[in-house]
Structure formats: structure tokens, C-alpha cells
Amino acid sequence: MAENTTKKLLSKRDELLNKADALALEADQLSYQGKYEEAVERYDQALAIYPSNPDLWAFKAITLSGGLGRNEEAYECWERAKKLDHVLADAIAVTGSEVAAVQEKDLTDFKGSTAERIRNLVKQQAIDKKNR
């Protein structure tokens, strides 16, 4: 009997994680289309299911800051993401010497790890500021 209950709980957990992933993918697509408010809503829905996912917090931060200019809210999301994942925290720490070594990349390519994607976005922002 306990084994059956455990299987049901694991199945429910997997179902919820799949739902969170689907919401995150939808949010990514909305953000790419410039529908930032809708994207933030989807990230919030995903975070309601999986609040300990640092990637969700990071992409919500990117959308809030880059898409909507809501930097205070974005900062809070970055802080949550960094507390949940020290590798992610290291990925968004960019120094001037690192920025100089970066080649411009096509940031519409969503392959690779989340930390890599965020590192590329942050570095690209630093390059853009340097070139102004």
C-alpha cells in the first residue's frame, strides 16, 4: 500500500514539474516575441509550482529588467536565483577583463545550459554598454 502511495506522489510531482517546464517554455517564447508582461505571468505560474528553481528566477529577472525596465523587481529575482545556485551566481559575475575577451554571439540561440545563456546575456549587455 505504501509503495502505491509513493508511486502516486512521484507521478504527481513529475506532472507538476512538467507543467512548470511547459509554462517556462511558453514564457521564453512570449518574451522572445516581446510580450513581456505575459511572459512574467507565465514565469510566476511556473514559480508557484517550482519556487526553488533558480533558472526560473533568473529568466524572470531578465524579462523584468530587459523587457520591462523593472529593475528593482529584477534584482530581487536575481538574488533569489543566486541564493539557490552558486554556479549561476558565478556565471553572472562579469569583470571588465572578461568582457574584453568576449566575442559577440547570436543570443537568439537557446541551446546550452541556463548558466551559459545567462552568462552570454550579461556579457553581451556589458559589451553593448562599453560600445556606447
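**Briefing: an all-helix predicted model**

Of the 132 residues of the protein, 31% count as buried. The model is predicted. The protein has seven helices and zero strands, and from the N terminus on its elements run α-α-α-α-α-α-α. Among the contacts with a separation of 6 or more, 49% join residues 24 or more positions apart.

**Nonpolar core**

- The largest nonpolar core holds 21 residues.
- Tyr43 and Leu56 are the residues with the most contacts inside this core.
- Helices α1, α2 (36–49), α3 and α4 each supply at least two residues of the core.
- The most comes from α3, which gives six residues.
- Apart from neighbours within four places in sequence, tyrosine 43 touches Ala24, Ala27, Asp28, Leu56, Phe59, Lys60 and Thr63.

**Helices α3 and α4**

- Helix α3 covers residues 54–67 and helix α4 covers residues 71–84.
- Their axes come within 8 Å and cross at roughly 160°.
- An angle over 145 degrees counts as roughly antiparallel, and α3 and α4 are therefore roughly antiparallel to each other.
- The crossing in which α3 passes α4 is left-handed.
- On the α3 side, the residues that meet α4 are Pro54, Trp57, Ala58, Lys60, Ala61, Ile62, Leu64 and Ser65.
- On the α4 side, the residues in this contact are Asn71, Glu73, Ala74, Cys77, Trp78, Arg80, Ala81 and Leu84.
- By class, the contact has 11 nonpolar, two polar and three charged residues.

- Alanine 22 lies in helix α1, which spans residues 2–32.
- Because its relative accessibility is 44%, alanine 22 counts as partly exposed.
- Alanine 22 and alanine 46 are 24 residues apart in sequence, and their C-alpha atoms are 8.3 Å apart in space.
- Serine 31 is also found in helix α1.
- Buried means under 20% relative accessible area, so serine 31, at 17% relative accessibility, counts as buried.
- Leaving aside neighbours within four places in sequence, serine 31 is in contact with Tyr36, Ala39 and Thr63.

Technical notes. Residues are numbered from 1 along each chain as its sequence is written. This is a predicted model: local features need pLDDT of at least 70, side-chain atom pairs count only at pLDDT 80 or more; totals for chains, interfaces and linings use all residues. Side-chain values use heavy atoms; hydrogens and water are left out. Helices (H or I, at least four residues) and strands (E, at least two) are DSSP runs, numbered from the N terminus. Buried means under 20% relative accessible area, exposed over 50%, partly exposed in between (1.4 Å probe, protein chains only). Axes are lines fitted to C-alpha atoms, for helices over the stretch in contact, and angles run from 0 to 180 degrees between N-to-C directions. Angles under 35 degrees count as roughly parallel, over 145 as roughly antiparallel, 65 to 115 as roughly perpendicular and the rest as oblique. A crossing is left-handed if the near helix is turned anticlockwise from the far one by less than a right angle, and right-handed if clockwise. Contact means heavy atoms within 4.5 Å. Ala, Val, Leu, Ile, Met, Phe, Trp, Tyr, Cys and Pro count as nonpolar, Asp, Glu, Lys and Arg as charged, and the others, Gly among them, as polar. A nonpolar core is a set of buried Ala, Val, Leu, Ile, Met, Phe, Trp, Tyr and Cys residues joined through side-chain atoms within 4.5 Å.
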